[in-house]
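The following paragraphs lead the reader through several parts of one protein structure. Please keep the sequence and the model in view while reading.

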Amino acid sequence: MSSETSGRVVVTGATGNVGTSLVGLLAEDDRVGSVRGLARRIPDWSPAGTEWSAVDLGVEETDLVEEFEGADAVVHLAWAFQPTHDPAVTWRTNVLGSIRVFEAVAAAKVPTLVHASSVGAYSPGPKDRSVDESWPTHGWPDAAYCREKAYLERALDSFEHQHPSIRVVRMRPAFLFKQESASEQRRIFGGRLLPGPLVRPDLLPVLPDVPGLRVQALHTDDAAEAYRLALHGDVRGAFNLAAEPPVDAAVLGEMLGARPVRMPRVAARSALAAAWGLHLVPASPHLFDAVLRLPLMDCTRARDELGWHPRHTAVEVVKEFLEGMRHGEGVETEPMRGRKVG
């Protein structure tokens, strides 16, 4: 797609965290002719100019070529975070399903593919300075999420070599939050029984300060805007996406009025490993290990080549997300449905 032409955009994973923000943006964009959203379950929510198809990327028989024919661009967002105890299941959807998406893009002769990679694709890196898109993307091998994101980076390297005429863009966002994603992300990482109303500053007098726990965050709507800009530009390659400042115990402590208390990595990991082993929380200790090693990202390329600037600071993002968690916020799609527990 160029800035002068309208087009048909297909979005996989269109009912999830990024999908709902992007579909909403594209529905308001007069340079986009139509949007087809692909999801396992067709939602009640449907912005103007949007049509839906029920598609499960974990099923090999799905005819993606038919879904992509006539499209000017495919934005691939679909991703399964669970079950964390059975990585073969997530591999089938995330890796094999994504490869089928790439192959169908080529077969349907779609000129543009925008793929949702992640900061999780990066190899361990520094926490005291930021790295650009040339940092190695070998992930953290013990964490399924990082392993799968890194594998798809290699798959796209091969895809670009085989199909040089297709414009491929890889988005590598930081952790993405918005108020409406709170219920979904609580279920994914904290479990269905975590009481959202307990996430209140007055109930957190101290905050664990784990060495290495310094990460970046971004509002999902700001990430969606970067995807939209990439559709209309003539850019290729990878783009880091994150807001300032990096979030650590000091930032969270000031925001929540809580006192950071140093906690050894081993103690924090052992507690999480025990809870995960007992199926009390879905977030695995392997992902915790990866988070402690993720580099901070430099987003200069997105600013210079996309003209992208996040509208929300990382502190505003976290505050909005916690507010959404307390109130059980959501969207009328199956993955994002709101639910207040406790």
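The model shown here is predicted. The walk through it begins with D289, a residue that lies in helix 9. Is D289 buried or exposed? The relative accessible area of D289 is 10%. Buried means a value under 20%, and D289 is therefore counted as buried. When its neighbours within four places in sequence are left aside, D289 is in contact with W140, D142 and R269.

Helix 4 makes the greatest contribution, with four residues. By residue type, the lining of the second largest pocket consists of 14 nonpolar, six polar and three charged residues.

Cavities are the next topic. The structure holds three cavities of 30 Å³ or more, and the largest cavity has about 50 Å³ of space. Among the residues that line the largest cavity are V119, K127, A174, F175 and R214. Eight residues of the lining of the largest cavity are nonpolar, one is polar and two are charged.

The last stop is helix 7, which covers residues 249-256. At the start of this helix, a side-chain oxygen of D248 comes to within 3.2 Å of the backbone nitrogen of A250. Which residues of helix 7 are buried? They are A249, G253, M255 and L256. Seen down the axis of helix 7, these buried residues fall within an arc of 165°, and so they line one face of the helix. On the other side of helix 7, A250 and E254 are exposed. Against which elements do the buried residues of helix 7 pack? Their partners are strand 9 (206-209), strand 12 (259-262) and helix 11 (314-327). After helix 7 comes G257, which has a positive phi, near 70°.

Notes. Residues are numbered from 1 along each chain as its sequence is written. This is a predicted model: local features need pLDDT of at least 70, side-chain atom pairs count only at pLDDT 80 or more; totals for chains, interfaces and linings use all residues. Side-chain values use heavy atoms; hydrogens and water are left out. Buried means under 20% relative accessible area, exposed over 50%, partly exposed in between (1.4 Å probe, protein chains only). Helices (H or I, at least four residues) and strands (E, at least two) are DSSP runs, numbered from the N terminus. The arc is that of the directions from the helix axis to the C-beta atoms. Contact means heavy atoms within 4.5 Å. A polar contact is a pair of N or O atoms within 3.5 Å; within protein, one must be able to donate a hydrogen and the other to accept it, and residues adjacent in sequence count only if both atoms are side-chain atoms. Ala, Val, Leu, Ile, Met, Phe, Trp, Tyr, Cys and Pro count as nonpolar, Asp, Glu, Lys and Arg as charged, and the others, Gly among them, as polar. On a 1 Å grid over the protein atoms alone, a cavity is a set of points where a 1.4 Å probe fits but cannot get out, and a pocket is an open set with protein on both sides within 12 Å along at least five of seven lines; lining residues have an atom within 4 Å of a point. Grid points are joined across faces, edges and corners, and a volume is the space filled by probe spheres set on the points.
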